[in-house]
Amino acid sequence: HVPVAQRWFILASIVLGSTIYNATILVASGLQPQMQGAMSATQDEIAWTVTFNILATAIVTPMTGWLTARFGRRETMIWSVLAFTLTTLMCGLADSLESLILWRVLQGALGAPVIPLSQTILLDTFPKRQQGLVTSIFGMAVVIGPVICPTVGSMLSEIYSWRWAFYMIVPVGLLSFAGLRLTLPYD
């Protein structure tokens, strides 16, 4: 049994983490022309930053069950959000195409358990009568993030640099990590 206030903090923390995870795929897609110029890369080479991220996500997502059985749901979720956030920071700090691709692969792989675990944790945390409401809040937030973040990321990249589209995600990821660490009950 999880207290009512704690449930809503869990929802907020999970929504933040899931939203930024989904948003990074589209943020990078919108930044490709700026990254291409900054890295002196061809169009095919810069496309690897998106392609390899999606491939890493597709490979690691099915491993979520094994990771949860091995480390526990709480630990897997918390450390996936933190690892995703740190690799996002490293994407912004990347100084070569190779390092950017490496960090994007790690970003996709280390953050892959976030979405499946988010839904599982929310359905286990809330009583059956509230699951429809919680699922719709989660779904709206996860859809709104990829709509808003590319716009904000593109504006930041035009004003400052493409790196700031990655940097803007870091504080939200740290907030999600802190919220999950403080509110998620132990397995």
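1. Met140 is exposed, with a relative accessible area of 54%. That is over the 50% cut-off, so Met140 counts as exposed rather than partly exposed. Bear in mind that this is a predicted model.

2. Met140 sits in helix α7, residues 131-159. Met140 also belongs to a nonpolar surface patch.

3. The largest nonpolar core has 50 residues. Within this core, Ile14 and Met77 touch the most other members. Two or more residues come from each of α1, α2 (43-60), α4, α5 (97-111), α6 (114-125), α7, α8 and α9. Helix α1 gives the largest share, 12 residues.

4. Met77 deserves a look. Setting aside neighbours within four places in sequence, Met77 contacts Ile14, Val114, Leu117, Ser118, Ile121, Leu180 and Leu184.

5. Helix α9 covers residues 169-183. Its length checks out. At 1.5 Å a residue, its 15 residues should span 21 Å, and the end C-alpha atoms are 21 Å apart, so the two values agree.

6. Which residues of α9 are buried? They are Ile169, Val170, Gly173, Ser176, Phe177, Gly179, Leu180 and Thr183. Their cover includes α1 (4-39), α4 (73-93) and α8 (163-167).

Definitions and conventions: Residues numbered from 1 in each chain as written. Predicted model: local features only at pLDDT ≥ 70, side-chain atom pairs only at ≥ 80, totals over all residues. Heavy atoms only, no water. Helix = DSSP H or I, 4+ residues; strand = E, 2+ residues; numbered from the N terminus. Expected span 1.5 Å × (residues − 1). Buried < 20%, exposed > 50% of the residue type's maximum accessible area, 1.4 Å probe, protein only. Contact = heavy atoms within 4.5 Å. Patch = residues over 30% accessible without salt bridge, like charges linked within 9 Å, V, L, I, M, F, W, Y side chains within 5 Å. Areas by Shrake-Rupley, 256 points an atom, 1.4 Å probe, with all protein chains shown as cover. Salt bridge = Lys/Arg side-chain N within 4 Å of Asp/Glu carboxyl O. Core = buried A, V, L, I, M, F, W, Y, C linked by side-chain atoms within 4.5 Å.
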